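Me: I would like to learn how to read the features of a protein model one at a time. Please take me through this one.

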Amino acid sequence: MKQLLICDKDTFACMNGRIFYHQAFHLPDTALCIDAVQHLYVIEKKDLIAKNLLYILPNQCQFVPFRRLIAGLTHEQANQLAKALQLIRWFQDHHFCSRCGSKTIRHHVEFATICPTCDYHQYPRLQPCVIVAIIKYINHVPHLLLAHHQRAKDSLMYGLIAGFVEIGESLEQCVLREAMEETGLVVENIQYFSSQPWPFPSNLMVGFIADYASGELVIDKQELIHADFFALNDLPKIPPKGTIAHRLIEQVQQKFTAFY
């Protein structure tokens, strides 16, 4: 028995707010395997032929955005859905060969497209990003740097400093550069925390914790609306449970529970 996830852009079919898994022995050729051990596949809603929708998708199904689902998912489920979105989007963007322009075909085993003209194989590429929790002692009490990002201007949510790794740059160098570019601050004692696949569009978020070293807080207004150091027991609205940002903030709070 195989399980089929059904997505529509960045949303997944759900029943009563939970992921809906269609159970079947045979699946359409366009379904992508995202977990061979659990026989888990994903397909876009538009790739299901109309006559199959009635029995594959119950009337009660609703399509819910991944960002809204993540707080209620297990770590394994979140990674599976992130992989599903990344693979679907990658295949959408690689119908043609990037070398000669010919129409590609899917590899029958690997996650890849093949050019029948020049035999070029295209594989999914990850875009590494760093995200960092920066700690500063104010009056001998640890505070956490949080920023209200331009991309979240319609909400009151504050997040951590983050950014894409550039060519020729190490992860630690990226942490230093992003902190300086977005806030004008120098950080030190950069320590790895954890990582998380993030499908917007195809990122690997790599988390760090760092200490404030020097500098005055001057924000990049193209990226941020506001930023400040907050007491760990008096934080603004933060990213939801299930995100690496939330786990980083929780880790910092747990580390310094003796201070509040």
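Me: Leaving aside neighbours within four places in sequence, which residues is Leu81 in contact with?

Reply: This is a predicted model, and every value below is computed from it. Leu81 is in contact with Leu5, Phe12, Ile19, Phe66, Leu69 and Leu73, once neighbours within four places in sequence are set aside. Leu81 itself sits in helix H3, residues 75-92. Thr11 is 70 residues away from Leu81 along the chain, and their C-alpha atoms are separated by 9.8 Å.

Me: Is Leu81 buried or exposed?

Reply: Leu81 has a relative accessible area of 0% and therefore counts as buried, since the cut-off for that class is under 20%.

Me: How much of the chain counts as buried?

Reply: The share is 43% of the 260 residues. The chain exposes about 14,400 Å², and carbon and sulfur atoms supply 53% of that area.

Me: How much of the contact list comes from residues 24 or more positions apart?

Reply: Among contacts in the chain with a separation of 6 or more, residues 24 or more positions apart account for 61%. As for overall layout, there are 5 helices and 16 strands, and the C-alpha atoms fill a box of roughly 65 × 45 × 35 Å along the principal axes.

Me: Where is Phe96, and what does it touch?

Reply: Phe96 is found in the loop between H3 and S8. Not counting residues up to four places away in sequence, Phe96 touches Gly101, Ser102, Lys103, Thr104 and Gln122. Ile114 is 18 residues from Phe96 in sequence, with a C-alpha to C-alpha separation of 9.2 Å.

Me: How should I read strand pairing, and what is the strand order in the open sheet of 3 strands?

Reply: Strands of a sheet pair through backbone hydrogen bonds, in either a parallel or an antiparallel sense. The open sheet here has the order S8-S9-S10, and its pairing is antiparallel. Strand S8 (105-106) and strand S10 (121-122) are the edge strands, each pairing on one side only. Between S9, residues 113-114, and S10 there are 2 bridges in the antiparallel sense. Gln122 in S10 stands opposite Thr113. Gln122 is also among the residues that Phe96 touches.

Me: How many bridges join S11 to S15, and do they run parallel or antiparallel?

Reply: S11 and S15 run parallel and are joined by 9 bridges.

Me: Which backbone angles deserve a second look?

Reply: Most residues other than glycine have a negative phi, and most peptide bonds are trans. Phe200 and Pro201 are joined by a cis peptide bond, with omega about 5 degrees. Asn16, not a glycine, has a positive phi near 55 degrees. Another case is Asp119, which is not a glycine either and has a positive phi of about 65 degrees.

Me: Where are Asn16 and Asp119 found?

Reply: Asn16 is in the loop between strand S2 (11-15) and strand S3 (18-19). Its relative accessibility is 78%, so Asn16 counts as exposed. Asp119 lies in the loop between S9 and S10.

Me: Which elements supply the lining of the largest pocket, and what is its make-up by class?

Reply: Elements that each supply at least two lining residues include strand S11 (127-138), helix H4 (171-183), strand S14 (186-198), strand S15 (203-214) and helix H5 (244-255). Strand S12 (141-149) and strand S13 (161-164) are also among them. By class, the lining has 18 nonpolar, 6 polar and 7 charged residues.

Notes. Residues numbered from 1 in each chain as written. Predicted model: local features only at pLDDT ≥ 70, side-chain atom pairs only at ≥ 80, totals over all residues. Heavy atoms only, no water. Helix = DSSP H or I, 4+ residues; strand = E, 2+ residues; numbered from the N terminus. Nonpolar A, V, L, I, M, F, W, Y, C, P; charged D, E, K, R; others polar. Pairing = 2+ DSSP bridges. Buried < 20%, exposed > 50% of the residue type's maximum accessible area, 1.4 Å probe, protein only. Contact = heavy atoms within 4.5 Å. Areas by Shrake-Rupley, 256 points an atom, 1.4 Å probe, with all protein chains shown as cover.
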